[in-house]
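Today I opened my notebook to look up a few contacts, one by one. Come along and check each entry as I go.

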Amino acid sequence: MINEFVSFVNNILWGDGQVLIVMLLVCGIWFTVKLGGVQLRHFGHMFALLKNSKTSNEEGISSFQALCTSLSARVGTGNLAGVAVAISLGGSGAIFWMWMIALLGMATGFAESVLGQLYKVKDENGEFRGGPAYYIKQGLNKTWLAVAFSLCLFFGYGFVFSAVQANTITDALNNAYAFKSEYVGIAIILLAALIVVGGLRGIARFAEFVVPFMGIGYVLVALTITFINITELPAMLLDIIKSAFGLQEAGAGALGAAIKNGIQRGLYSNEAGSGSVPHAAASAAPNPNHPVSQGYIQMLGVFLDTMILCTSTAFIILLAGGSSSEQMEGIRLTQDAMSSHLGEGGTDFVAAAISLFAFTSVVANYAYGESNLHMFKLDNRAGRAAYTIGYLGMIYWGAQAALPQVWAMADMALGLMTVINIIAIVWMTPTIVSISKDYFKKKDSGETVEYKAGDCEIQGKSEDGIWK
């Protein structure tokens, strides 16, 4: 019955109903227009803000740590296994639509991260907390909708998504070394417990150290493989374009599969619009001292995740010949592709990469779920203990579950979160546009970029918020 229910919901969200595909495309276009193409117009400014992004204080982590934390959640199975799933089910054209949803998603990610920073609060330890539940409650005064989002997030990031990551790690290690899934699951639990016990700051420090190292290393390998196969690159890019618009022999059916799987797996990877990233954005001490600065930082995260890391995996797979199966293929397709380029060491490299990528996601997922304990007055020792036990238990379950079953539950959780969040941020467009224009004006005129109460109109009340 559970599987039937999950299939029913996913069919509405992703299948025949295509609710989410339409919502994501419309939302991305909406904010691209409303914000004047900020992801293109201010593309260089995203990188400029990284120069002074390591400043933190007792209340918040640094902007760089917030970026690394959000990337550690984004950079996981979606980048290696998710891209493989998209190609195996949607063909090479799925990569084009993954790029498109990322480009539009940069504007969506900007909008939701601005709200996350604007409506953040302090918890009982004096640390920043925020996210969709907070801006829905304060900005829209819709407590029931805030609670609904929090429950979806607990189900998704608190439990199911970590199960997906654990499933991919065990599959990769089993394929490479025949390790038993239950032992791998126990190892993941023990390592994750050591890190999450340090709370958000411990997770942020871990992400700040690991994410740049693993990301740069993976991209360098992908660039090397691309350079070795440089003569095949033009034909591969042409195939992506043709397949994306159904110009191959398969026709319209292939077009629909490419769009569906490209957008679905692209969203799972970069998370733009899902409402997850605002939690990391809210935790930061912004520099400059303006909520919009976190919009730029997290918009950069979408670009790095999909346009750089997912593209790296796609090139590795497609330059090896793509998928020869019509069935869903995950991390093993990536391993096989890497092996064709690097020999026997390819399987080992991908096993190590996915274990590290996915493990950082396991850890960051915990932080997202924990940030919503405050909404239910469970931000205490007993609440954290109960949440942690459930989180670790789902890791063990995911390590041994079947691949389609785990991905289906993840798609449902992510889909439900995204529907609620998109409704909320579109509803709050006047606030997003108003505060963004305040930043744009000060930046362009050379004024000190700093937000002060009364500089622009915002929706709702922020009685317990930071930005009065």
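**Entry one: charges over rings.** I started with Lys120, whose charged end sits over the ring of Phe128, 3.6 Å from the ring's centre. I keep in mind that this is a predicted model. Then I looked up Arg41: its charged end sits over the ring of Phe440, and here the distance to the centre is 5.2 Å.

**Entry two: rings with rings.** How many aromatic pairs does the structure hold? I noted 18. One of them joins Tyr177 and Phe179, with 5.4 Å from centre to centre and 35° between the planes. Next I checked accessibility. Tyr177 has a relative accessible area of 38%, so I listed Tyr177 as partly exposed. Phe179 comes out at 42% and is partly exposed too. I also found a cluster linked by ring pairs: Phe154, Phe159, Tyr366, Tyr387 and Tyr391.

I turned to H5, residues 63–74, and H15, residues 292–318. They pack at an angle of about 35°, and their axes are 10 Å apart. The crossing is right-handed. Which residues of H5 make the contact? I listed Ser63, Ala66, Leu67, Ser70, Leu71 and Arg74. From H15 I noted several, including Gln294, Ile297, Leu300, Gly301 and Asp305. Sorted by class, the contact has seven nonpolar, five polar and two charged residues.

Definitions and conventions
Residues numbered from 1 in each chain as written. Predicted model: local features only at pLDDT ≥ 70, side-chain atom pairs only at ≥ 80, totals over all residues. Heavy atoms only, no water. Axes fitted to C-alpha atoms, helices over the stretch in contact; angles between N-to-C directions. Helix = DSSP H or I, 4+ residues; strand = E, 2+ residues; numbered from the N terminus. Left-handed = near helix turned anticlockwise from the far one by under 90°. Contact = heavy atoms within 4.5 Å. Nonpolar A, V, L, I, M, F, W, Y, C, P; charged D, E, K, R; others polar. Phe/Tyr/Trp six-rings, centres within 6.5 Å; stacked < 30°, edge-to-face > 60°. Buried < 20%, exposed > 50% of the residue type's maximum accessible area, 1.4 Å probe, protein only. Lys NZ or Arg CZ within 6 Å of the ring centre and 35° of its normal.
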